[in-house]
Amino acid sequence: NGQSVMMTDAQMRWVASQKALFTRRHFFPVTNLHLLPWLRQKIYRQLILPRFEHFIMSCICLNTVVMGMEVIPAPDDYTNVLVILGYVFAGAFNVEAALKLFAMRRAYFVERSNIFDLLCVVATDGGIVVDWFSDAVSLGPVLSVIRLFRIARLLRLIRFARGLNRVFMAFVLSMPKLANVGAVLA
């Protein structure tokens with residue numbers, strides 16, 4: 001086939017695994033759901049509903065818009081509203097992570113996107129704590145890095161936007177070929 005000319009066997013196996021990864025909706029669902037306590041069952045069933053995912057995706061988009069609305073200099077009331085909205089979104093993401101951790105337990109950590117989400121939540125919480133205690137010290141660069149984690153949640157949208165998912169998948173699948181071309185050019 002045409003791919004074997006441009007890629008090694010290891011690269012072709014990697015591409016095949018990436019294709020398999022991108023085609024699955026639920027990667028590691030909770031097994032033996034009927035054996036779990038009724039509350040965990042109920043929460044898990046709510047978490048996998050499309051409307052819950054749509055709510056979280058809406059929160060991610062709105063949070064990004066709110067973060068983009070920051071201006072300098074800004075009136076105190078305007079800044080306070082943006083900070084409060086940031087806390088509301090942080091609370092929503094914390095509740096999502098807590099519910100998933102409660103319902104899924106160890107299975108939560110098997111899916112990489114959950115680990116990434118938890119990292120974003122922890123970074124956001126850390127940023128809030130640092131922001132509370134940084135009045136005396138200027139921590140601008142540290143807070144910028146923490147904000148980067150909050151914006152990185154947008155990557156989660158890639159899984160749900162079909163067109164964007166296809167573009168992203170094409171980019172990921174072309175990486176071995178691009179590496180080979182780069183090696184030839186170097």
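**Close-ups of an all-helix model**

**View 1. F93 and what it touches.** Skipping neighbours within four places in sequence, F93 is in contact with I56, C59, I60, N63, V121 and R153, where contact means heavy atoms within 4.5 Å. This is a predicted model, in which local features need pLDDT of at least 70 and side-chain atom pairs count only at pLDDT 80 or more, while totals for chains, interfaces and linings use all residues. Residues are numbered from 1 along each chain as its sequence is written, and side-chain values use heavy atoms, with hydrogens and water left out.

**View 2. The largest nonpolar core.** F93 turns up again here: along with A103 and M104, F93 has the most contacts inside the largest nonpolar core, a set of 22 residues. A nonpolar core is built from buried Ala, Val, Leu, Ile, Met, Phe, Trp, Tyr and Cys residues joined through side-chain atoms within 4.5 Å; buried means under 20% relative accessible area, exposed over 50%, and partly exposed in between (1.4 Å probe, protein chains only). At least two residues of this core come from each of α3 (38-47), α4 (50-68), α5 and α6 (112-133). Helix α5 gives the largest share, seven residues.

View 3. Which side chains meet in a salt bridge? Those of K100 and E96 do, at 3.4 Å from N to O. The rule asks for a side-chain nitrogen of Lys or Arg within 4 Å of a carboxyl oxygen of Asp or Glu, and by it the count comes to one. K100 and E96 are separated by about one helical turn, because they sit four residues apart in helix α5 (residues 76-104). Both K100 and E96 are buried.

View 4. One aromatic pair is counted. Y108 and F109 make up this edge-to-face pair, with 5.3 Å centre to centre and 85° between the planes. For the record, rings of Phe, Tyr and Trp (its six-membered ring) pair if their centres lie within 6.5 Å, and planes under 30 degrees apart count as stacked, over 60 as edge-to-face and the rest as tilted. Y108 has 1% relative accessibility, so Y108 counts as buried; F109, at 42%, counts as partly exposed.

**View 5. Zooming back out.** The protein chain has eight helices and zero strands, taken as DSSP runs numbered from the N terminus (helices are H or I, at least four residues; strands are E, at least two). Of its 186 residues, 32% count as buried. Among contacts between residues at least 6 apart in sequence, 67% join residues at least 24 apart.
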